[in-house]
Amino acid sequence: MRRIDYLLIEDWVPRGATVLDLGCGDGDLLAELIEKKDVRGSGVEISPSAVEACVARGLSVYHGDLDEGLADYDDASFDVVILSFSLQQLRRPRLVVREMARVGKLAMVSFPNFAHWRTRAQLLFGGHMPISNELPYEWYDTPNIHLCTVHDFRRLCSHEGLRIEREAYLRSFEKRAAPLPLPNLRARIAVFAVSRGASAT
Amino acid sequence: MADRADTSKTIGDVPVGLGDDAGNAGIVAPRTVVLAEPPDKLSLESGDRLGPITVAYETYGTLSDRCDNAILVQHALSGDAHVAGLHAPDDKRPGWWDILIGPGKALDTDKYFIICSNVIGGCGGSTGPSSIDPRTGEPYGIRFPIITVGDMVEAQALLLDHLGIERLLAVMGGSMGGMQALQWAVAHPERVHQVIAMATAARQPTQAIAFNEVGRQAIMADPDWNGGDYYGRGRPAKGLAVARMIGHITYLSDEAMREKFGRRLQDIHDYSFTFSADFQVESYLRYQGLSFTERFDANTYLYITRALDYFDMTRGGRSLSDVFRDVTARFLVMAFSSDWLHPPYQLKEIVSALRTTHKHVSYYEVESGFGHDAFLLEREKMEGVIAAFLASGARTYHFSPGKPTFRASADDAATDAGGAATDGARSSVSGPGTSATEAAGGELAAEEPAAGEPARGEGRRGLRRRWGRG
């Protein structure tokens with residue numbers, strides 16, 4: 001089963017675009033984008049074994065730490081910069097989002113929405129740190145250090161002067177996207193495409 | 001080889017062919033060929049012309065019918081053509097990159113055809129300052145023309161022409177070998193499909209020029225250097241040894257030194273209150289310096305370090321991304337975390353320049369405490385990504401050669417395992433006592449202390465007992 005958030009991003013990425021995938025892991029999304037959308041893509045990944053896996057698939061990948069920023073990358077040097085389900089693991093998420101919008105004409109970010117009602121309920125009624133498909137870790141071994149909500153991300157965009165170009169809300173990795181009222185309560189996964197907009201140019 | 005189990009490693013779900021029980025490249029014959037015979041001398045970057053040129057080289061594996069599996073491996077400052085395998089069954093040490101080259105290894109000799117040649121200006125069988133100048137019948141000495149990394153690459157291009165190899169699946173090397181690999185991609189973009197550049201830079205860094213200059217001054221200050229004319233008399237061993245000691249320090253790291261030697265004393269319990277080699281690190285460096293002089297020519301050290309210092313791909317004021325503009329190769333750039341001769345930022349600079357024009361480039365940083373020499377040592381941390389890169393490149397490599405004729409160089413002089421080159425240059429330098437194994441080795445001669453062996457002496461014998469290979 002293909003991940004719906006990947007399908008969504010695939011759908012949003014223009015054919016033939018230049019794409020930078022931050023925290024690209026084994027390169028699943030990147031490989032799909034190259035195959036389906038004919039993009040010129042490369043990834044950034046911190047884990048040596050994941051970098052090896054990308055290289056083995058013939059992908060172009062940079063072994064590095066996102067939290068160090070994207071200083072080596074020129075302004076608007078990519079059509080699309082993607083951060084898929086890694087935002088919550090960064091030490092400096094605000095810096096990275098800002099850098100994404102500088103380096104990419106379009107920045108696509110997906111993350112688990114911490115304000116989903118089940119998450120809220122686990123904390124409110126269960127009295128323990130929420131665990132779900134999207135947040136599968138115990139509190140003591142989670143890599144997620146900067147969880148946020150749909151509401152929070154919108155606020156970050158507004159602070160950074162980023163324009164929200166597209167947004168989509170998912171109820172799981174498997175279920176197709178459908179219009180979802182009250183997304184901050186009902187979406188488990190949020191996907192945003194933002195840009196520096198007209199003010200930046 | 002034949003009995004090697006077919007257990008190739010996969011990365012993700014991609015088989016990269018790394019065997020669990022990698023074998024040895026076996027016995028390899030050193031070869032030489034004479035190229036650039038007058039009047040077709042090689043035009044050097046300096047404006048001089050050089051010819052004829054003897055090039056010493058070795059090959060491993062078999063060239064495919066389609067000529068699409070050739071990999072050129074480049075050596076570093078003190079290396080030579082003997083990159084893997086043995087020259088004779090009783091050789092104590094294999095070639096300098098044997099950890100990566102052989103059946104089932106990252107450069108799998110069951111799949112790839114590996115070529116390594118000694119650079120011109122060298123003393124490993126190729127024409128260099130110790131060779132006989134055909135015009136005078138005497139060794140060149142410092143009348144040998146100044147050569148550059150670019151010139152080394154052009155000599156290799158002649159060798160490939162001679163072998164009938166039009167295009168390379170990959171060209172790779174570390175340190176100066178990495179510079180040659182980068183130069184190949186720029187000088188002959190149509191001949192290179194992939195580049196692996198390790199522990200290197202697109203221009204020689206200032207600090208490295210500084211260390212090289214100290215090394216050269218040490219050699220030239222040795223009275224035995226005699227303006228470069230020392231062949232047939234006393235060689236400037238003291239100067240060359242000091243140059244090597246300085247070099248060695250730059251190849252290690254603070255961490256490597258601390259772990260390998262600490263402040264440990266050499267077979268004594270207290271200071272001797274003299275200037276003898278009290279500390280293990282002193283004893284080690286003295287041994288490394290001394291043993292180097294037995295296999296390396298001092299003038300070659302001058303020439304090769306000069307070539308390194310002159311290396312600057314941006315010479316003439318071009319930006320690096322502009323230099324790489326017409327490059328078509330795929331790149332794997334590898335840095336080593338504790339390398340202070342070529343720290344990761346110098347490799348990142350290369351990646352950044354390639355990325356500007358959206359070239360295919362991957363960057364991999366090996367976490368290692370071994371300093372610059374890590375590229376010769378960290379087998380387990382390097383082999384996966386190298387094997388994966390080569391395999392992925394081979395998949396996308398569709399090359400139809402115009403002339404698929406590898407002249408298996410049966411006509412090239414296969415020198416005996418003693419390594420005496422046909423032009424006699426080598427024997428004039430190293431003498432009959434230097435075995436081919438001595439001539440192996442990259443920048444680190446990888447000698448380890450013989451455990452528990454008490455030896456304290458200032459002389460060569462004591463040092464050899466302590467640091468020589470068992």
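**Entry 1: the A–B interface.** I looked up the contacts between the two chains and found 16 residues of chain A in contact with 24 residues of chain B. Two residues are in contact if their C-beta atoms, placed from the backbone, lie within 7 Å. On the side of chain A that touches chain B, the elements giving two or more residues are α3 (48-56) and β3 (60-63) of chain A. I took helices (H or I, at least four residues) and strands (E, at least two) as DSSP runs, numbered from the N terminus. The most comes from α3(A), with 5 residues. By residue class, this side of chain A holds 6 nonpolar, 4 polar and 6 charged residues. Here Ala, Val, Leu, Ile, Met, Phe, Trp, Tyr, Cys and Pro count as nonpolar, Asp, Glu, Lys and Arg as charged, and the others, Gly among them, as polar.

**Entry 2: source and numbering.** The model is predicted: local features need pLDDT of at least 70, side-chain atom pairs count only at pLDDT 80 or more, and totals for chains, interfaces and linings use all residues. Residues are numbered from 1 along each chain as its sequence is written, while chains are lettered from A and ligands numbered from 1 in the order in which they are written.

**Entry 3: chain B overall.** I noted 13 helices and 17 strands in chain B. Of its 470 residues, 54% are buried. A residue is buried if 20 or more other C-beta atoms lie within 10 Å of its own, exposed if 12 or fewer, and partly exposed in between, with C-beta atoms placed from the backbone. Among contacts in chain B with a separation of 6 or more, 73% are between residues 24 or more positions apart.

**Entry 4: cis peptide bonds.** I checked omega in chain B. The bond from B:P38 to B:P39 is cis, with omega near 10°. B:P39 sits in the loop between β3 (31-35) and β4 (42-43) of chain B. B:G51 and B:P52 are also joined by a cis peptide bond, with omega about -5°. I placed B:P52 in the loop between β5 (49-50) and β6 (53-60) of chain B.

**Entry 5: positive phi outside glycine.** I found A:D38, not a glycine, with a positive phi near 60°. Its place is the loop between α2 (28-37) and β2 (40-45) of chain A. A:D38 counts as exposed because it has 12 C-beta neighbours inside 10 Å. B:F273 lies in the loop between α5 (254-260) and α6 (280-293) of chain B. B:F273 has 7 C-beta neighbours inside 10 Å, so I list it as exposed.
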